[in-house]
Amino acid sequence: MKIDAITIFPEYFAPAQLSLLGKAQGRGLVELQIHDLRSFTSDNHNTVDDTPYGGGAGMVMLPEIWGQALDPLLISDSDLIILTPAGSRFTQKMAEDFSKSSHLVFACGRYEGIDDRVRQYYSQSQFAKAGVRVHEVSVGDYVLGGGEVASLVMIEAITRLIPGVLGNPESLTEESHNSDGYLEYPNFTKPQEWRGISVPEVLLSGNHGEIAKWRKLQAQERAKKAF
Ligand code: 6GU
């Protein structure tokens with residue numbers, strides 16, 4: 001999978017070199033490229049934003065600069081993901097769908113966001129006809145300073161679903177956020193007793209049927225509490 005991210009803060013993406021995602025890049029499963037939005041400006045101040053038409057607080061990112069950055073990146077079959085707190089909520093189901101894409105482009109807005117014509121243009125122009133899909137996505141009901149951290153969240157959730165990225169693919173099937181809505185059961189390791197608290201008896205029983213039943217019940221209990 002090819003991933004491009006466009007940002008005015010490329011340094012935000014340093015953690016992408018660590019752990020599973022870092023290894024996946026080393027093994028050629030993921031090719032992640034970070035682009036500095038300011039490198040597409042042509043004025044002396046490297047301006048990326050201006051005041052909103054109609055007035056109001058904050059600044060809006062200039063469509064012309066985003067166009068310069070996006071035009072050469074988008075190909076047929078690219079998924080363009082515009083990060084905004086006003087977008088559709090990112091879910092495990094969405095992560096599964098995006099993990100089947102061949103090309104993701106993350107547009108990280110700052111300030112009050114990106115001029116809406118960028119979304120409109122890539123949803124309607126020859127890019128849309130060529131197969132580019134545009135998504136506005138949010139990672140949750142809170143406001144971040146920009147889309148960088150949200151992109152990292154999405155990239156991590158998506159890339160771990162690519163075949164070969166996880167060392168043990170079974171951990172995918174037994175997963176904490178099974179898309180069917182269950183949260184994972186609680187887990188225990190050594191020692192059998194820690195600070196007076198014992199591991200549940202059933203887990204020591206060797207009875208795999210009973211263990212599976214207990215875990216399902218625990219997961220359901222957790223799910224009830226979480227929602
Ligand atoms: Cl994608 N961007 C910003 N700025 N805030 C957010 C978000 C995105 N998702 C949740 N909050």
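Two strands count as paired if DSSP finds at least two bridges between them. In this predicted model, strand S1 (residues 2–7) and strand S6 (residues 103–108) are joined by five bridges. The two strands run parallel. Within S6, Ala-107 is the residue that stands opposite Ile-6.

This pair belongs to a wider sheet. Strands of a sheet pair through backbone hydrogen bonds, either parallel or antiparallel. Here five strands make an open sheet, and the pairing is parallel. Read across, the order is S2-S1-S6-S5-S7. Strand S2 (31–36) and S7 each have a single partner strand, so one side of each is left without a neighbour in the sheet. Those two strands are the edges. On average, neighbouring strands are turned by 25° against each other, direction ignored.

Next, look at what lies on the sheet. Helix H4 packs there, touching S5 and S7. The direction of H4 makes about 145° with that of S7.

Two packed helices are described by the angle between their axes and the distance between the axes. The axes of H2 (residues 63–70) and H4 come within 9 Å. They cross at roughly 40°, and H2 and H4 are therefore oblique to each other. From H2, the contact uses Pro-63, Trp-66, Gly-67 and Leu-70. From H4, it uses Arg-117, Val-118 and Tyr-122. By class, these contact residues comprise five nonpolar, one polar and one charged.

Now turn to the empty space. Rolling a probe the size of a water molecule over the atoms shows where empty space is left. The largest pocket has a volume of about 430 Å³. It is lined by 27 residues, and the closest to its centre are Leu-83, Thr-84, Pro-85, Ala-86 and Gly-113. S5 gives the most, with five residues. The lining has 13 nonpolar, eight polar and six charged residues.

Two backbone details remain. Most residues other than glycine have a negative phi, and most peptide bonds are trans. Ser-19 has a positive phi, near 55°. This residue is found in helix H1 (residues 19–26). The peptide bond from Lys-190 to Pro-191 is cis, with omega near 0°. Pro-191 is in the loop between helix H7 (170–173) and strand S8 (193–194).

Notes: Residues are numbered from 1 along each chain as its sequence is written. This is a predicted model: local features need pLDDT of at least 70, side-chain atom pairs count only at pLDDT 80 or more; totals for chains, interfaces and linings use all residues. Side-chain values use heavy atoms; hydrogens and water are left out. On a 1 Å grid over the protein atoms alone, a cavity is a set of points where a 1.4 Å probe fits but cannot get out, and a pocket is an open set with protein on both sides within 12 Å along at least five of seven lines; lining residues have an atom within 4 Å of a point. Grid points are joined across faces, edges and corners, and a volume is the space filled by probe spheres set on the points. Helices (H or I, at least four residues) and strands (E, at least two) are DSSP runs, numbered from the N terminus. Ala, Val, Leu, Ile, Met, Phe, Trp, Tyr, Cys and Pro count as nonpolar, Asp, Glu, Lys and Arg as charged, and the others, Gly among them, as polar. Axes are lines fitted to C-alpha atoms, for helices over the stretch in contact, and angles run from 0 to 180 degrees between N-to-C directions. Angles under 35 degrees count as roughly parallel, over 145 as roughly antiparallel, 65 to 115 as roughly perpendicular and the rest as oblique. Contact means heavy atoms within 4.5 Å.
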